[in-house]
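Thanks for coming, everyone. I have a few minutes and one structure to show. Please take a look at it first.

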Amino acid sequence: MAEPSWQELLRLRLAERNHNESAFAPIIEQYRRLAQQTKLLKERNQTLLRAVGSVKGSPGLSTPGEDNPVRAAYLSSLETQISSLRDELANLYKTQGQNAQRLLSMNETLREKEEVSRIDSENLRKARDEIASLRRKVDQHAELMAEKDRTVQILHDEISTTLLELSQVEERNQVLAKDNAKLLQRWLDAKQAEANRMNEANEFYENMRTRHESVLSWRETSEGAAPNAPLSPDPTRIVSGSGKESASPETQVATKKTGLPPQAVHGVSLTPNG
């Protein structure tokens, strides 16, 4: 798992600081060694100078069997140098062991970092594949939304056309409703006029039937009073002196009311509906 960004930044800055501070470490170490060797050489030179001075001050003291002070000083200087070299060699061995330990630690750290890098690479590959898949899905959704937008636009156009047609149909329906209302009113007026005419015809029929019954009663009465008197073929007709029949006054009144000839008036069916 990758470290957080601030921890990685802090680690990088600390590594950069350590690198800057240890950039001159070899040079400082060389100067330290040179200073140590210079000190040792100075001490040896001082020892040799003191030995030479002591030999010059007392020349009779130097005998062949006795140790030469210069030789003794030189041996002492060599022993000191050997001791310092041994210490330096021990320090070198110690440093070599520390370096070997550091090398092992760095190899282990490198192996862990390589493992982390491998895992990160795998995660990165998976993330890239997922990003590519998501991009394809986004493109498909974009195409689908564009298609839906076109469909919605077509539906809006069809709805607008349908609403326009509906408004025109409603206007036609209103006009037809007005025409139907007018036609219905005219039909009602016509039926009312026809009913009025039927009522007048019925009323005329009732009057005519009443008169006809009166004429029949009169005929029966006349036949009972004068059996030998000639009978008129139609009691509603009167024969004139010229031999032609003339309509009675009632027939003339019916002709004036109905506008029909006397034959049509007498031919009217005597039914309740006229």
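Let's start with R209. R209 counts as partly exposed, because its relative accessibility is 36%. What you see is a predicted model, by the way. Which residue does the side chain of R209 meet in a salt bridge? The partner is E206, at 2.7 Å from N to O. E206 is partly exposed too, also at 36% relative accessibility. Both R209 and E206 lie in helix α3. They sit three residues apart, about one turn of the helix.

A word on the background. Side chains of opposite charge can pair when their charged atoms come close.

Now move along helix α3, to R125. R125 forms a salt bridge with E122. Here the closest N and O atoms are 2.4 Å apart. How far apart are R125 and E122 along the helix? About one helical turn separates them, because they are three residues apart in α3. And their exposure? R125 has a relative accessible area of 42%, so it is partly exposed. E122 is at 31% relative accessibility, so it counts as partly exposed as well.

Next pair: R111 and E108. They form a salt bridge, and the closest N and O atoms are 2.5 Å apart. Helix α3 covers residues 69-225. R111 and E108 are three residues apart in it, so about one helical turn lies between them. Buried or exposed, or in between? R111 is at 48% relative accessibility, so it counts as partly exposed. Exposed would take over 50%. E108 has a relative accessible area of 36%, so it is partly exposed.

So much for pairs. There is also a network. Salt bridges link E29, R32, R33 and E88 together. And how many salt bridges does the count come to? Eleven.

Which residues make it? F24, I27, I28, Y31 and L34 do, and the patch is about 570 Å². Take F24 from that list. Where does F24 lie? In the loop between α1, residues 5-21, and α2, residues 25-57. F24 counts as exposed, because its relative accessibility is 53%, and the cut-off for exposed is over 50%.

To recap. In helix α3, R209 and E206 are three residues apart, and they meet in a salt bridge. R125 pairs with E122, and R111 pairs with E108. Then we have the network of E29, R32, R33 and E88, and the nonpolar patch that includes F24. That's it from me.

Terms used: Residues are numbered from 1 along each chain as its sequence is written. This is a predicted model: local features need pLDDT of at least 70, side-chain atom pairs count only at pLDDT 80 or more; totals for chains, interfaces and linings use all residues. Side-chain values use heavy atoms; hydrogens and water are left out. Patches are made of residues with over 30% relative accessible area and no salt bridge: like charges are joined within 9 Å, nonpolar side chains (Val, Leu, Ile, Met, Phe, Trp, Tyr) within 5 Å. Accessible areas come from the Shrake-Rupley method with a 1.4 Å probe; for residues, only the protein chains shown count as cover. A salt bridge is a side-chain nitrogen of Lys or Arg within 4 Å of a carboxyl oxygen of Asp or Glu. Helices (H or I, at least four residues) and strands (E, at least two) are DSSP runs, numbered from the N terminus. Buried means under 20% relative accessible area, exposed over 50%, partly exposed in between (1.4 Å probe, protein chains only).
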